[in-house]
Protein chains: 2
Amino acid sequence: MTANIRDVAERAGVSVGTVSNVLNHNERVSPDAASRVRAAIADLGYVRNDAARQLRAGRSRTVGLVVLDVRNPFFTELARGAEREADRHGLSVLLANSDEDIARESRYLALFEQQRVRGILISPYQQAGARLRELRDRGIPSVLVDRRSEDELFSSVSVDDENGGYLAARHLLDIGRRRILYTGGPIDMRQIDDRRRGARRAVDETGAASLEILPARASQVEDGRAAGHEIASRPPSHRPDAVFCANDLVALGVLQSLASHGIRVPDDVALIGFDDIDFAAAAVVPLSSVRQPSLLMGETALRMLVAETDDGERPAEQVVFQPELVVRASTAG
Amino acid sequence: MTANIRDVAERAGVSVGTVSNVLNHNERVSPDAASRVRAAIADLGYVRNDAARQLRAGRSRTVGLVVLDVRNPFFTELARGAEREADRHGLSVLLANSDEDIARESRYLALFEQQRVRGILISPYQQAGARLRELRDRGIPSVLVDRRSEDELFSSVSVDDENGGYLAARHLLDIGRRRILYTGGPIDMRQIDDRRRGARRAVDETGAASLEILPARASQVEDGRAAGHEIASRPPSHRPDAVFCANDLVALGVLQSLASHGIRVPDDVALIGFDDIDFAAAAVVPLSSVRQPSLLMGETALRMLVAETDDGERPAEQVVFQPELVVRASTAG
DNA sequence: CGCCTCCATTGAGACGTTTCAATCGCGATG
DNA sequence: CATCGCGATTGAAACGTCTCAATGGAGGCG
């Protein structure tokens, strides 16, 4: 059906080896032969068969990326960063969405292994560590994104979540708030818990301030809406005067829900999120947030993966970016 | 490095053919041999090499999806739909982002062709038609998403954009607005132009109403912000009393920009978007919009692609969903 | 004129899988 | 006891590419 390298060779009146050389080592081949080969390629509409190349080469030019939630712009930005850097290395990125589901996560890891991807970038859901070690033993390295490797066995690119939580809570305290509520989920997920710990530290530093935890099922807009509803249904004296959300999706949900109950942001309740996604600034009460350099994180992770691929046994490296407080109207005054 | 089927065969004391049969036609093999093979697979940590399978089979189990903008939740939902349906057919989806860039679009198409993907779902930027025809001639079918095939040469899944534009403008007129502004870009993109035409029709039906077009570079949040700024800087008498945006991202940008200039939505200017992404409802002035069944569109497109793959020369089919008006606070009164 | 170099080209494997025709072994049947 | 039938198993071939050792040929030098 489709032309192969042999057809091209025949048509150009050369051997298959020469065609391959035109494709891969152009300098080795005479200008004359090269141009005949190129003409034949154009005539026949020949396109390299990647499966055959990969089989021969023993490895692919693809990198797998597993994210927790494609609907979260933080992850799509991270993916764009990885993709951009991959381009520079002639690699392509296969994007998979685990939707915070262990079964989906492991299905994709299996798929990636069958495809012999060059390596894997992953924001793991829970302890994917054992599985990743297995993959590494079989020659597929991973770099963790958005989360440190607990045992430092893998390289990782993350943000100092504890400090991010501290910055957020510190800011709320600085503008005079004292009854802070933290919400998001799942509460036992590392990133979410680190942010809580940071907030705790800020609150503890300050006399006469409290931190309440309101766990959520996950960290989607709808979870924020539920949290906002729960807060609004309390008697005013029991409401927090500031809410810190595990991410911006949750914060947007809370914002919407509070507004629909006539609770003013920031007058009655100040509100801050995490990630600084585009939509945070676009909300009509523009949302304060803690920025993660998502694009840069994606680029960095991919670069580290490539380094690991090239230089077999280099030690794992933990890159931790510092988050940045972004103040907008939702925490004014 | 990695165990192959021959190693497994040796360890299990059978031939490679038998191992392959265990993997692909379990019923052909005796329970005894099968269990020995399975044990060997587990012992050696054997994982099938997809490249070799694909080379042998002549085609892959992957479908390519090219979207215009991964940052637009409409497309990520569509991707989720395609992915979900792909699962059911044992296929996986490779997601690529053209970012409305012709060069990127054709790079990805080339990549997909090299990978001999089973087929391609694409929201084409401009006339990708010639290229897609080429791919089809070489055995790779495509289904267009979010846009009809102009010459009906390809199957497609889209929404009746003209009617969607009509619904939006009709609604604005029904609530008493008369000076409507339409913004988004690029203005020559099919979907965007169809929505404009629909709006035009509604306006023409109504006496004493006007439709102004404000073209934008693209249809991102920032383009909306620019449009909002432009509107706000006019003398009040020259401002529209309603704005219809080519999509919700633009509408959110306009919303933010108008608010920051003290222009009230919907009191001074009513606002409606397109797509009904999650964030539309989550905006504090919840955004009216025209809903596209994005998840369903993704599922349908993938199903059509599979049908096309199975049944060689079936005629192209155009599936057109009807959009649905969703009224929220941004067009109240 | 013969030999040596050097560059361009050749062609035979090898990558790991699946398929399929051929073979094997065993119980049933005549 | 020979033969047949049938399910289980085998092993070679093929998919398309790249690599590498081997070959060919032209030109330079002694």
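This is a predicted model: local features need pLDDT of at least 70, side-chain atom pairs count only at pLDDT 80 or more; totals for chains, interfaces and linings use all residues.
The same surface serves both copies, since 98% of the contact residues of chain A recur in chain B, two residues being in contact if their C-beta atoms, placed from the backbone, lie within 7 Å.

Between the chains, 43 residues of chain A are in contact with 42 residues of chain B. On the side of chain A that touches chain B, two or more residues each are given by H4, helix H5 (73-88), E2, helix H6 (102-114), helix H11 (248-260) and helix H12 (278-282) of chain A. Helices (H or I, at least four residues) and strands (E, at least two) are DSSP runs, numbered from the N terminus. This side of chain A has 21 nonpolar, 13 polar and nine charged residues, where Ala, Val, Leu, Ile, Met, Phe, Trp, Tyr, Cys and Pro count as nonpolar, Asp, Glu, Lys and Arg as charged, and the others, Gly among them, as polar.

DNA strand C is surrounded by 26 residues, of which Ser15(A), Gly17(A), Ala33(A), Ile5(B) and Ala52(B) are the closest; a residue is near a strand if its C-beta atom, placed from the backbone, lies within 6 Å of it. H2(B) provides the largest share of this surface, five residues. For DNA strand D, the nearest of the 26 residues around it are Asn4(A), Ile5(A), Ala52(A), Ser15(B) and Gly17(B), and the largest share of the surface, five residues, comes from H2(A). The surface near DNA strand D comprises 10 nonpolar, 10 polar and six charged residues.

In chain A, an open sheet is formed by six strands in the order E2-E1-E3-E4-E5-E11, with parallel pairing; strands pair if DSSP finds at least two bridges between them. Strand E2 (92-97) and strand E11 (318-321) of chain A are the edge strands, each pairing on one side only. Strand E3 (residues 119-122) and strand E4 (residues 142-145) of chain A pair in the parallel sense over three bridges, and Leu121(A) stands opposite Val143(A) in E4(A).

In chain B, Leu255(B) is found in helix H11 (residues 248-260). Leu255(B) counts as buried because 31 C-beta neighbours lie inside 10 Å, the cut-off for a buried residue being 20 or more other C-beta atoms within 10 Å of its own, with C-beta atoms placed from the backbone. Apart from neighbours within four places in sequence, Leu255(B) is in contact with Val284(A), Val265(B), Leu271(B), Ala283(B), Val285(B) and Leu287(B). The C-alpha atoms of Leu255(B) and Ser155(B), 100 residues apart along the chain, are separated by 36 Å.

Note on methods: Residues are numbered from 1 along each chain as its sequence is written. Chains are lettered from A and ligands numbered from 1 in the order in which they are written. A residue is buried if 20 or more other C-beta atoms lie within 10 Å of its own, exposed if 12 or fewer, and partly exposed in between; C-beta atoms are placed from the backbone.
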